[in-house]
Amino acid sequence: MKKFVMIFAFVAMAIVANAQAETVEIKTSAICGMCKSTIEKALAFEKGVEKSNLDVKTKIVTVQYDASKTTPDKIRQCIAKAGYNADDVKREEKAYTKLDDCCKDGGH
Amino acid sequence: MEFKKPEESETWYFNAYLNSFGRMEANVNNATKLSDKWSTGILVHANYMASEIDGNDDGFMDLPKSRQFNILNRYKYHGERTVSQIGIQYMIDENAGGQRGFDFGDDQLTSPVYGFKNNARRFEIFGKTGLLFPEKPYKGWGFQYSMAYQEFDGGAGRRFYGADEKTGYFNAIYQNIIGDTRHQFKTGLSYLIDDFDETYYSDLSGDLDSTMNRTESVPGVFYEYNFIPNEDFTLVAGYRLDFHNLYGLYNTPRLHARWAMNKHMTFRVSAGKGYRTANILMENSQFFASSRRIILSESPKPERSWNFGSSMASHMHLFEKPLTFVVDYFYTDFINQLIYDQDQASDKLIIYNLQGSSFAHSLQVEAQYELVKHLKMKAAYKYYDVRQTTNGKLQPVTFTPRDRYFLNLGYVTDYEKWQIDFTWSLNGPNRLPTAPMNAGDLQVDNTSPWYSMVSGQISKGFLWGNIYIGGENLLNFRQPNPIINPEDPFGDSFDASMVWGPVAGRMIYTGIRYKIK
């Protein structure tokens, strides 16, 4: 029984509503569906990010975040660290070289 | 002309694990892309446990000490017309169990404490090559081969068992169509050579004492026809003929059919024949840890059986959530089987070929449903009606539960940031060997009780991997008195081969997985 209680405590924790949700749109250098999942995954593990959705056509990622925990600039840094340009923040070259061929310049 | 510079890319994967019994495990994998067409992978595994766990205080380790090292290196080539793979694997595995104090490298035959030893080494080279026809994707040649050498050294108490085996295998397959892709076939030939040397002896009077050598040489041919009139239906009819140097001609027909009635329901049926040569002693080393005399009352014949199977899988939506429901039914009817008879006498294990009937019905029902977002439930029931003619009577096979229930709850958040898993299983009674013991107080029950096993795991994910912690046998269930007469292991009524449930208790573990790209 104790274990059940523990499991549902975790579930409840995860569903707790966010406090100060704000939204920012960032233009990236993403080119394919794989880029989309790489960026969304990187953002999912970034502190303060609630939700993100990248539109491959426009290359714009819409990020919902908690303003008390992060800033749009930190979010851009996170995208750059994953190997992609984010607005005026240049991508990290080391991360870029490790991307799959289809995610690199001219890959599509 | 410009050559494309080979794009090197490397991925590393590490895993480390530790549990409350003192067992450590490590895995290191490396995948490297050498060029456009070549890649290589290395997998290394090691585990080590040297602690002496004796939760029930009977003087015997609940699980043997163990150490293993395993390495595999594989090269892959992926060209336009050729795909090829070659690999080598080396494994060394040592286990030392029995009474506390028995250690790796000790000799059970002379040890003052009762020892159980199981040491194995194996070396293998394997590979396959496929020749493709890019303009005719249904056509192709395939070649597969492997060569292995393994040696084994072990036994329990004053029993010794040693073996070495050299195996070579090769097959060639050609596939094409007859007219159009609705009619496809595969045909080819195979060759197996297996050289097996075994030595077994003990100081028990009346016990088996022998060296057994055999070389199996089995060339074979096969043909398989696939009828695929549309996406919803497949019929596979196959036939193979093997020419066994020791046991003569084997013919093995096989039939499979799949029918997707609609997008929610799929049915499968299969029927076929099977055969195998059992390695009597190597596959049944659990019997070494007893005072039972091993008696091979006739020369063993290969095991042969007819198998029938059917399954139904349905995928539906219930309250807009996916519900999967699977029912499997299998039936095996043995023409010949080796019987390991512990029923005739409590001090003997008598091995002979089946006389009478032997069959297995197995029914499995499984349902999976997403209860709420991220939370999936899986429930299953397994029914095994497995009966053999043992000691002149058709009766349930020992140590095989008829009923088993299983329930799993899995909670996974997006990107596996959190994973929580909980599993409960309920195991029904097993038939235990009828042991007409002389000493009344050593008489064991003829059936084991119901028992539950609970396990759980929590994993926290990161971009680089995850950290996990979990536990098995959380209810700390242990078979009471798993060993009969543990005080006198070299005596006449010692028996550690009557285990139907967990011997070790609750176990907690933790580990980490790390990936670098």
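1. First, the ground rules. The model is predicted: local features need pLDDT of at least 70, side-chain atom pairs count only at pLDDT 80 or more, and totals for chains, interfaces and linings use all residues. Residues are numbered from 1 along each chain as its sequence is written, while chains are lettered from A and ligands numbered from 1 in the order in which they are written.

2. Let's start with helix α2 of chain A, residues 33–44. Helices here are DSSP runs of H or I with at least four residues, strands are runs of E with at least two, and both are numbered from the N terminus. The expected span of a helix is 1.5 Å times one less than its number of residues. For the twelve residues of α2(A) that gives 16 Å, and the end C-alpha atoms are 16 Å apart, so the two agree.

3. Which residues of α2(A) are buried? They are C35(A), K36(A), T38(A), I39(A), E40(A), A42(A) and L43(A). Buried means 20 or more other C-beta atoms within 10 Å of the residue's own, exposed means 12 or fewer, and partly exposed is in between, with C-beta atoms placed from the backbone. Their cover includes β2 (49–55), β3 (60–66) and α3 (72–81) of chain A.

4. Next, the helix pair. The axes of α2(A) and α3(A) come within 9 Å and cross at roughly 130°; axes are lines fitted to C-alpha atoms, for helices over the stretch in contact, and angles run from 0 to 180 degrees between N-to-C directions. That makes the two helices oblique: under 35 degrees counts as roughly parallel, over 145 as roughly antiparallel, 65 to 115 as roughly perpendicular, and the rest as oblique. I39(A), A42(A) and L43(A) of α2(A) make the contact with I75(A), C78(A) and I79(A) of α3(A). Contact means C-beta atoms, placed from the backbone, within 7 Å.

5. The sheet in chain A is open, with three strands in the order β1-β3-β2 and antiparallel pairing. Strands pair if DSSP finds at least two bridges between them. At the edges are β1 (21–27) and β2 of chain A, each pairing on one side only. Six bridges join β2(A) to β3(A), and K51(A) has Q64(A) in β3(A) as its bridge partner. α2(A) packs on the sheet, touching β2 and β3 of chain A, and its direction makes about 170° with that of β2(A). α3(A) also packs there, touching β1, β2 and β3 of chain A, at about 45° to the direction of β1(A).

6. In chain B, β18 (residues 348–353) pairs in the parallel sense with β14 (residues 293–296) over four bridges, where I294(B) stands opposite L349(B). With β17 (residues 338–341) of chain B, β18(B) pairs in the antiparallel sense over four bridges. β17(B) and β18(B) form a hairpin with six residues between them, and I339(B) has Y352(B) as its bridge partner.

7. How many residues does each chain bring to the contact? Chain A gives ten and chain B gives 15. The largest share of chain A's side, five residues, comes from α1(A).

8. Two loop residues are worth a look. K59(A), in the loop between β2 and β3 of chain A, has a positive phi near 65°; with 18 C-beta neighbours inside 10 Å, K59(A) counts as partly exposed. D57(B) has a positive phi of about 60° although it is not a glycine, and with 7 such neighbours D57(B) counts as exposed.

Notes. Contact = placed C-beta atoms within 7 Å.
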